[in-house]
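Please read the following note with the sequence and the model open beside it.

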Amino acid sequence: MHDAQSSIGDNDRRLEKYRRMQRIRQFETKAEAIHAAGEIPGALHTYAGMEASGVGACMALRPDDYMVGTHRSHGHPIAKGAMLRPLMAELLGKSTGICRGKGGSMHLSDFSVGSLGETSIVGSGGPVAAGAALGAKLQGLDRVALCFFGDGASSEGAIHEGMNLAAVWKLPAIFVCENNRFGMSTPTSDAVAGEHVADRAHGYGIPGVIVDGQDVDAVEQAVREAVDRARAGKGPTLIETKTYRYADHAVNMGRDLTPRGPEHDEWVGRDPIRLYRARLIEEGVGDDALSAIDEAVRQEVADALQYARDSAYPDFEEAFDHVFVDRLPIPADVRAHA
Amino acid sequence: MAKITFLEAIQQAQAEELARDPSVFMMGEDIRCNVFGTTTGFVERFGEERIRDTPISENGFIGAAGGAAMVGMRPIVDATLSSFLYPAMDQICSIIAKSRYIYGGQARLPLVIRSCMFYGNSNAAQHSDRPYAMFMNMPGLKIIAPSDPRDMKGLLKAAIRDDDPVLCFEDGTCWMAKAEVPDDPDFLIPIGKGDVKREGTDVTIIAIAGGVPTALKAAKRLEADDISAEVIDPRTLVPLDRDLILRSVRKTGRAICVDPAHLTCSAASEISATIVEQAFDALRAPVIRVTTPDTHLPFSPHIEKPLYPTVERIVDAARRIVGAPVAPQTV
Ligand SMILES: Cc1ncc(C[n+]2csc(CCOP(=O)(O)OP(=O)(O)O)c2C)c(N)n1
Ligand SMILES: [Mg+2]
């Protein structure tokens with residue numbers, strides 16, 4: 001298991017990591033509250049507890065590198081540097097949302113920061129990442145493509161096919177399995193044969209790395225090594241971040257389906273944001289500097305929510321945009337009653 | 001007879017068939033924890049061997065249901081949502097639908113693949129599919145799409161006892177509907193038989209799955225216009241009860257097909273074509289399809305909800321087809 005003894009990066013980068021983790025946490029805390037109040041339709045799959053996994057991984061990427069994510073989509077774009085306004089507006093189904101109200105909570109995907117989708121069909125991102133890595137290689141760019149997927153998703157054929165393609169063609173891809181111990185109600189041990197998802201790397205002849213997913217520096221370091229390897233033309237790496245999801249599989253399922261054990265408290269006791277804050281303070285970053293970030297993020301979230309609330313819902317015509325390049329004609333009988 | 005919901009009907013059908021036949025067993029993601037209430041008490045009653053949670057690998061476990069069926073088991077696969085059938089397209093279309101045929105009748109695949117059509121609730125395009133028509137275009141798959149608890153129970157039991165693969169599409173908008181359902185453990189509704197849900201003389205509305213309750217509401221509202229609508233629920237899409245549909249259209253001379261799936265190559269299209277080919281002489285007006293247009297389903301509820309067939313759209317279609325003026329939309 002990779003373990004960081006101390007933080008990595010210069011002061012600005014360290015504070016940025018802290019800021020992005022705070023952004024995710026506070027963004028979702030607010031989202032949960034307004035979801036409970038009925039302001040957000042549909043389900044809400046929160047990332048709380050997993051912030052170090054996403055932020056550590058994305059901080060090892062360049063802004064022009066690609067990323068593919070999952071239904072648990074709030075953390076990845078924020079980790080990659082997305083601004084909050086269009087994300088919050090999307091949760092509220094507004095026309096100013098990042099997907100113009102088409103995607104919602106399972107699809108907070110910001111292409112301007114290198115996202116190629118947060119896809120809610122489990123495992124479906126694997127081949128996309130392999131393909132983006134192939135595209136970058138064919139274009140002679142030194143970009144890499146990173147694929148986030150869950151422990152549950154590791155059972156899907158598409159994940160295996162994506163990794164095998166990337167390995168056999170030595171594509172600049174990084175596969176990050178965010179093992180949060182459960183796929184819905186199913187413990188990883190009931191669904192994944194073998195002890196670790198990362199062990200499967202041996203079968204592809206690529207490095208398989210296990211990392212403490214609550215340690216943002218450890219994740220960043222592991223992904224950085226994989227990125228260097230990928231840019232050098234040596235092919236993909238499979239990284240497994242051992243992490244934990246705090247909330248229900250999704251907020252709105254009525255009851256928590258997760259069969260949590262006594263280790264629950266241990267995991268919550270290793271909160272990634274608290275751990276990182278303690279490390280930074282130990283290394284001499286002032287408490288007030290971190291509290292100033294907390295406060296600034298609070299304002300960003302409040303501003304994003306205000307922006308989302310002030311935004312309009314999409315016009316009905318917009319339901320017919322983006323199936324193709326050109327808007328589809330709207331059938332008269334449908335328009336008459338919209 | 002007891003009044004039960006659509007979901008309870010599924011639960012009862014499965015429980016009765018699991019109790020009746022030891023070769024029946026269930027597989028699916030997170031079925032033991034009974035997310036939707038269709039497996040209540042199953043683990044305690046039937047054991048973990050027969051009530052199996054699977055990894056998230058639809059092509060794997062749906063394909064494995066085909067393999068188990070070939071050797072004499074009768075699997076019920078709960079694929080959760082219909083959108084999750086796509087990763088299993090390969091096994092469903094290449095193995096399950098075709099094995100009996102390619103091997104000249106040697107293979108037998110008695111299995112049921114259940115999935116919910118989970119639309120209308122801001123789940124966005126990747127979770128809101130109603131894909132039965134795609135499978136209607138694949139020979140070798142029987143398809144049921146019930147619209148009320150009684151039909152659900154009787155058809156699912158018949159599907160489990162059937163010796164061919166059956167896809168069962170459960171409309172999420174019908175989940176909470178309640179009706180009287182027989183407790184007789186041998187209560188079956190034959191696959192391939194449609195049902196007249198309401199008799200009428202001016203227009204036949206053939207509605208599918210969640211379209212049926214909407215059509216019934218529209219028929220009620222049409223009484224005020226003196227339009228008498230007959231509502232037919234095919235219940236089974238493959239094989240389709242063409243005779244029942246044609247008989248009704250011959251009587252009324254007018255047909256509206258209501259289908260919550262997308263327009264192009266829909267079940268509504270197949271039914272319309274059948275009517276036009278086989279009852280053209282009886283038609284007094286062109287057939288009308290009321291479906292979801294050929295766009296994806298957006299997350300934002302304000303633009304999602306009007307896309308499905310609504311009571312208003314069906315009422316308008318009925319007024320148009322009988323030549324009555326289409327009234328301006330009432331608020
Ligand atoms: C192909 C497919 N099958 C099933 C589902 C339903 N589903 C959504 S999330 C989920 C669990 C995913 O587990 P994991 O990959 O570990 O991600 P996590 O939710 O833990 O982040 C399931 C079964 C789906 N969305 N897509
Ligand atoms: Mg998981």
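In what sense do β2(B) and strand β3 (residues 51-53) of chain B pair, and over how many bridges?

1. The structure under review is a predicted model. In it, β2(B) and β3(B) pair in the parallel sense, and 3 bridges connect them. Within this pairing, B:Met27 stands opposite B:Arg52 in β3(B).

2. Strand β2 (residues 24-28) of chain B has a further partner, strand β4 (residues 74-81) of chain B. These two strands run parallel and are joined by 5 bridges. Here B:Met27 stands opposite B:Val77 in β4(B).

3. The side chains of β2(B) deserve attention. B:Val24, B:Met26 and B:Gly28 point one way from the strand, while B:Phe25 and B:Met27 point the other way, and all are buried. Because 5 of the 5 residues of β2(B) are buried, the strand is largely enclosed by the rest of the structure.

4. In chain A, the axes of helix α1 (residues 11-36) and helix α12 (residues 287-310) come within 9 Å and cross at roughly 45°. The two helices are therefore oblique to each other. The crossing of α1(A) past α12(A) is right-handed.

5. The contact between these helices involves named residues on both sides. Those of α1(A) include A:Leu15, A:Tyr18, A:Arg19 and A:Phe27, and those of α12(A) include A:Leu290, A:Ile293, A:Asp294 and A:Val297. The residues of this contact divide into 9 nonpolar, 2 polar and 7 charged.

Definitions and conventions
Residues are numbered from 1 along each chain as its sequence is written. Chains are lettered from A and ligands numbered from 1 in the order in which they are written. This is a predicted model: local features need pLDDT of at least 70, side-chain atom pairs count only at pLDDT 80 or more; totals for chains, interfaces and linings use all residues. Side-chain values use heavy atoms; hydrogens and water are left out. Axes are lines fitted to C-alpha atoms, for helices over the stretch in contact, and angles run from 0 to 180 degrees between N-to-C directions. Helices (H or I, at least four residues) and strands (E, at least two) are DSSP runs, numbered from the N terminus. Angles under 35 degrees count as roughly parallel, over 145 as roughly antiparallel, 65 to 115 as roughly perpendicular and the rest as oblique. A crossing is left-handed if the near helix is turned anticlockwise from the far one by less than a right angle, and right-handed if clockwise. Contact means heavy atoms within 4.5 Å. Ala, Val, Leu, Ile, Met, Phe, Trp, Tyr, Cys and Pro count as nonpolar, Asp, Glu, Lys and Arg as charged, and the others, Gly among them, as polar. Buried means under 20% relative accessible area, exposed over 50%, partly exposed in between (1.4 Å probe, protein chains only). Two strands pair if DSSP finds at least two bridges between them.
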